[in-house]
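Student: Could we go through this structure together, taking a few elements and single residues in turn?

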Amino acid sequence: MERLKRRDALKLMGIGGASLLTGTSPASAEARLSAPSSKKEARIVIVGGGTGGITVAARLRRSTPNAKITLIAPNEIHLYQSGQVYVAAGLYSEYDNKRRTKDLLPDKVNWLQDKVTAFIPDSNKVHTEKNGDIPYDYLIVALGCEYDYSSIEGLDLSDIGKDGIASVHLNDLDKGTSQGAIISRIWLKSIRRRAAKSDLKILFADPSTPIKGEGASLDMLFLANDRLKGNGLRKKGQDLHQKASLILTKADKTLFPSPEIDRALKKELKAAGNVTVHYDHILKHIDREKKVALYSHGDDIVEIPYDYLHITPAMQPPKALLDSGLTVQEGKHKGWLEVDGETLQNPRYPNVFGIGDVTGLPSGKSGGAIREQAIVLQDNIAAILEEKKLPIYYNGYSVSPIKTRYGKVMLAEYTPKGLLPTFPLDPSKPRWIWWAMDLHLMRRAYFDLMMRGMM
Ligand SMILES: Cc1cc2nc3c(=O)[nH]c(=O)nc-3n(C[C@H](O)[C@H](O)[C@H](O)COP(=O)(O)OP(=O)(O)OC[C@H]3O[C@@H](n4cnc5c(N)ncnc54)[C@H](O)[C@@H]3O)c2cc1C
């Protein structure tokens, strides 16, 4: 099982692809058997036109055919954010990751191109910038999260792309642009050019907040090192990786939320030979002129010099949620949308649901998590309309395809309780088959199946 021949791997990709495409991953298998629907009328409002908003709109269109579904979102263009790393890697163009929102939305979903400025759950309505109050019977919040680059003193958003600083996450979802992906592509090229002339220190800084795209900073580290080894280029190049020291800083004591994946990643990093990880380090300040990053480490301030710096920004709940009465009040998830971890329902307002990055849950923030959550909302909202018992619960599934080199992915599928692999293979082992699936199948599956509520 561990040593797959290329032909067997292709077969498995077919089966794996098919299982992903038909939605029979472990988390959703049970759901596919139930699939309840309701012909009742209701006003369902979805806020946000990203992965969660569009997926759940497509699913509800089927399970509640007589509901009046309104999606409120400003973005003309929808971005496949998972593809940003492949843009940086030089394997996709930015254009590959874009579709027009109107082409993705299902028929008979009313799109209000607008932004919600306030939630008024006591009156079952949201307030919008241009269209005033919009009433609902059921509300689904799919606002995603916001970046907070300003938590790093000395860094202005306009500095990203200058003086050796990159950030693959950087995008503007309202505008449908992903400038961070293009900057990171140039950054990777520049690193290799510089390493040919001098020794380098390359710093990768992760924040202390929850992160969407959990593996993206590791992707950037592994891909940078692999490029230095001469891979990922048109023609294999000279191995320069010993000329670079790579330093990854983490705010807590782990690399990854799943202990099995954490152990496997530590092994990968050790094997690289030129990577150091500093735990309990929070990036506070950058001196761009001196190229020094200042960290808080317990009670100390630690200086780390760099030639190149990759930043994964702190992430925070959308400002529109402030004072909404819908957020977690205390603890690690304070300020994020409060939902029950299994039903995705707000505990104070049972007609309000959440999906995706905006939710204050211990599970990972990913498109893969949304695929499972959307099935839960599809079936449960139909059941609620029929006044039936809820048929399905979210199990905390998330996924992170970590690119450990050009041509290899470690497919981390996990819940807060442990690994939950879709395939009968050790998920902690990087494989070509996962790389091929992630690079060649997933984007198409995302746009053509997931966004249409079929995966
Ligand atoms: C670099 C990177 C790599 C990633 N890699 C992977 C991966 O490999 N696999 C994976 O599964 N996931 C990955 N992810 C994560 C995945 O893309 C996100 O988890 C997912 O897209 C989140 O979907 P969402 O619907 O919660 O929010 P988003 O898709 O972020 O959408 C939020 C929407 O809300 C809208 N909005 C914002 N404010 C308002 C407002 N006030 N009113 C109305 N609308 C508003 C925005 O315009 C946008 O349409 C990655 C993410 C990044 C950035």
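## Sheet, helices and single residues

Student: Lying across S21 and S22, at about what angle to S22 does helix H10 run?
Tutor: Helices here are DSSP runs of H or I with at least four residues and strands are E runs with at least two, numbered from the N terminus; H10 covers residues 432-448. Axes are lines fitted to C-alpha atoms, for helices over the stretch in contact (heavy atoms within 4.5 Å), and angles between N-to-C directions run from 0 to 180 degrees. On that scale, H10 lies across S21 and S22 and runs to S22 at about 80°.

Student: What kind of model is this?
Tutor: Residues are numbered from 1 along each chain as its sequence is written, and side-chain values use heavy atoms, with hydrogens and water left out. Local features need pLDDT of at least 70 and side-chain atom pairs count only at pLDDT 80 or more, while totals for chains, interfaces and linings use all residues, since the model is predicted.

Student: What is the order of the strands in the open sheet of three?
Tutor: Two strands pair if DSSP finds at least two bridges between them; S21 and S22 are joined by seven, and S22 (residues 408-415) and S23 by two. Strands S21 (398-405) and S23 (418-419) each pair on one side only, which makes them the edge strands. The pairing is antiparallel, and the order is S21-S22-S23.

Student: Which residue in S22 stands opposite proline 401?
Tutor: S21 and S22 run antiparallel, and their hairpin has two residues between the strands, with glycine 407 at a positive phi near 95°. Across this pairing, the residue opposite proline 401 is leucine 411.

Student: How many of the eight residues of S21 are buried?
Tutor: Buried means under 20% relative accessible area, exposed over 50% and partly exposed in between, with a 1.4 Å probe and protein chains only. S21 is largely enclosed by the rest of the structure, because the number of its eight residues that are buried is six.

Student: Is H7 roughly parallel or roughly antiparallel to H8?
Tutor: Helices H7 (residues 216-228) and H8 pack at an angle of about 25°, with axes 12 Å apart. Angles under 35 degrees count as roughly parallel, over 145 as roughly antiparallel, 65 to 115 as roughly perpendicular and the rest as oblique. The angle therefore makes H7, relative to H8, roughly parallel.

Student: Which residues in H8 do Leu218, Leu221, Phe222 and Asn225 in H7 meet?
Tutor: H8 covers residues 259-272 and also lies across S21, S22 and S23, running at about 155° to S22. On the H7 side the residues are Leu218, Leu221, Phe222 and Asn225, and in H8 they meet Leu265, Glu268, Leu269 and Ala272.

Student: What residue in S16 is the bridge partner of leucine 283?
Tutor: Strands S15 (residues 282-287) and S16 pair in the antiparallel sense over five bridges. Their hairpin has four residues between the strands, and lysine 291 there takes a positive phi near 55°. In S16, leucine 283 has as its bridge partner tyrosine 295.

Student: Does serine 296 count as buried or exposed?
Tutor: Serine 296 is placed in strand S16 (residues 292-297). Leaving aside neighbours within four places in sequence, serine 296 is in contact with Asp280, His281, Ile282, Lys284 and Ile301. Its relative accessibility is 17%, so serine 296 counts as buried.

Student: How far apart in space are alanine 374 and alanine 57, C-alpha to C-alpha?
Tutor: Alanine 374 lies in helix H9 (residues 367-385) and counts as buried because its relative accessibility is 0%. Leaving aside neighbours within four places in sequence, its contacts are Thr55, Val56, Arg59 and Ile355. Alanine 57 is 317 residues from alanine 374 in sequence, yet the distance in space, C-alpha to C-alpha, is 8.9 Å.
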